[in-house]
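Let's take a friendly walk through a protein chain together. Have a look at the sequence and the 3D picture first, and then read on.

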Amino acid sequence: MNNRMIRLLLIPALVIIISLIVNYIRDKIYKPKYEGKVQKPGKLEGCIMKILIVLDIFAIFFSVMGIFMKETEMAIVFACLALLFLFAIILLKHAHDTSYQENTEYFILKVKNKEYQVFYDNIVDWQPSYNEIAILDKTNPDEGYIKVNIKIFKPEILLRKIADMAFEGKFRSQDQKYFQDPNREVETVNYLVNHNYKYLVEDYIQKIEDR
């Protein structure tokens, strides 16, 4: 394999490796930081950001070196890496400007200077999103789906409420894609299990298996 091919494979390989490591750590040991009942991104997010900043500086350095050495491929590869790391840094910075709080009646999500207070009784739909659960509040339809990160935060009350509502038939759909699961019970349980919240719905798992 020549150097050009190695350089072309370097970008996706690094992105995949970093993503796998971050997701593994989040799944196994990550905990949000608690200030009273308010959840905020934990130390892991800050540590990851610092690592990405260092990697971004190195990528920029080698990209500049490639320009001076007239190594076009080297400059392009490391410039792309620098942009990818910068994008990841921006996402993490956005995550740090959020907080989450919940009780048995509602949850409060703060994103920068905006605050969403959603009562569980007003939730009419949910949709899966990458590392998030998207919630639709019937009292604020103009806001669209409000996304709660379930990797950075631990919205256990919210997720259990969503499971309860699914089994109560509150998300019943006539859409053909839910033909075999009209109440979206199986979808809801699988979503929580796949995101390491199995312990919240073990009773519903048993209920499905007993059918």
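## What you are looking at

This is a predicted model, in which local features need pLDDT of at least 70 and side-chain atom pairs count only at pLDDT 80 or more, while totals for chains, interfaces and linings use all residues. Residues are numbered from 1 along each chain as its sequence is written, and side-chain values use heavy atoms, with hydrogens and water left out.

## The chain as a whole

The chain has six helices and eight strands. Helices (H or I, at least four residues) and strands (E, at least two) are DSSP runs, numbered from the N terminus. Starting at the N terminus, the order of the elements is α-β-β-α-α-β-β-β-β-β-β-α-α-α.

How much of the chain is buried? Of its 211 residues, 38% are buried; that word means under 20% relative accessible area, while exposed means over 50% and partly exposed lies in between (1.4 Å probe, protein chains only). The chain exposes about 13200 Å², and carbon and sulfur atoms supply 60% of that area. Accessible areas come from the Shrake-Rupley method with a 1.4 Å probe, and for residues only the protein chains shown count as cover.

Contacts (heavy atoms within 4.5 Å) also tell us something about the chain. Among those with a separation of 6 or more, 52% join residues 24 or more positions apart.

## Helices H4 and H5

Find helix H4 (residues 156-167) and helix H5 (residues 185-194): their axes come within 9 Å and cross at roughly 160°. Here, axes are lines fitted to C-alpha atoms, for helices over the stretch in contact, and angles run from 0 to 180 degrees between N-to-C directions. H4 and H5 are therefore roughly antiparallel to each other. Angles under 35 degrees count as roughly parallel, over 145 as roughly antiparallel, 65 to 115 as roughly perpendicular and the rest as oblique.

The crossing of H4 and H5 is left-handed, a term used if the near helix is turned anticlockwise from the far one by less than a right angle (clockwise would be right-handed). On the H4 side, the contact is made by Leu 159, Ile 162, Ala 163, Ala 166 and Phe 167, and on the H5 side by Glu 185, Thr 188, Val 189 and Leu 192. By class, this contact of H4 with H5 has seven nonpolar residues, one polar and one charged. In this scheme Ala, Val, Leu, Ile, Met, Phe, Trp, Tyr, Cys and Pro are nonpolar, Asp, Glu, Lys and Arg are charged, and the others, Gly among them, are polar.

## Helix H6 and its partners

Helix H6 covers residues 202-209. The axes of H4 and H6 come within 11 Å and cross at roughly 30°, so H4 and H6 are roughly parallel to each other. Their crossing is left-handed. Arg 160, Ala 163, Asp 164 and Phe 167 of H4 make this contact with Asp 203, Tyr 204, Lys 207 and Ile 208 of H6. The residues divide into four nonpolar, no polar and four charged.

How do H5 and H6 pack? Their axes are 10 Å apart, at an angle of about 135°, which makes H5 oblique to H6. H5 passes H6 in a left-handed crossing. The contact involves Glu 185, Val 186, Val 189 and Val 193 of H5 and Tyr 204, Ile 205 and Ile 208 of H6. By class, the contact of H5 with H6 has six nonpolar, no polar and one charged residues.

## Two residues in loops

Lys 112 is not a glycine, yet it has a positive phi of about 55°. You can find Lys 112 in the loop between strand S4 (106-111) and strand S5 (114-119). With a relative accessible area of 56%, Lys 112 is exposed.

Asn 196 also is not a glycine, and has a positive phi of about 65°. The loop between H5 and H6 holds Asn 196. Is Asn 196 buried or partly exposed? Its relative accessible area is 42%, so Asn 196 is partly exposed.

Met 74 lies in helix H3 (residues 72-96) and counts as buried, at 13% relative accessibility. Met 74 and Phe 62 are twelve residues apart along the chain, and their C-alpha atoms are separated by 7.6 Å.

His 96 lies in helix H3 as well. This residue is partly exposed, with a relative accessible area of 32%. From C-alpha to C-alpha, His 96 and Ile 152 are 9.5 Å apart in space, and they are 56 residues apart in sequence.
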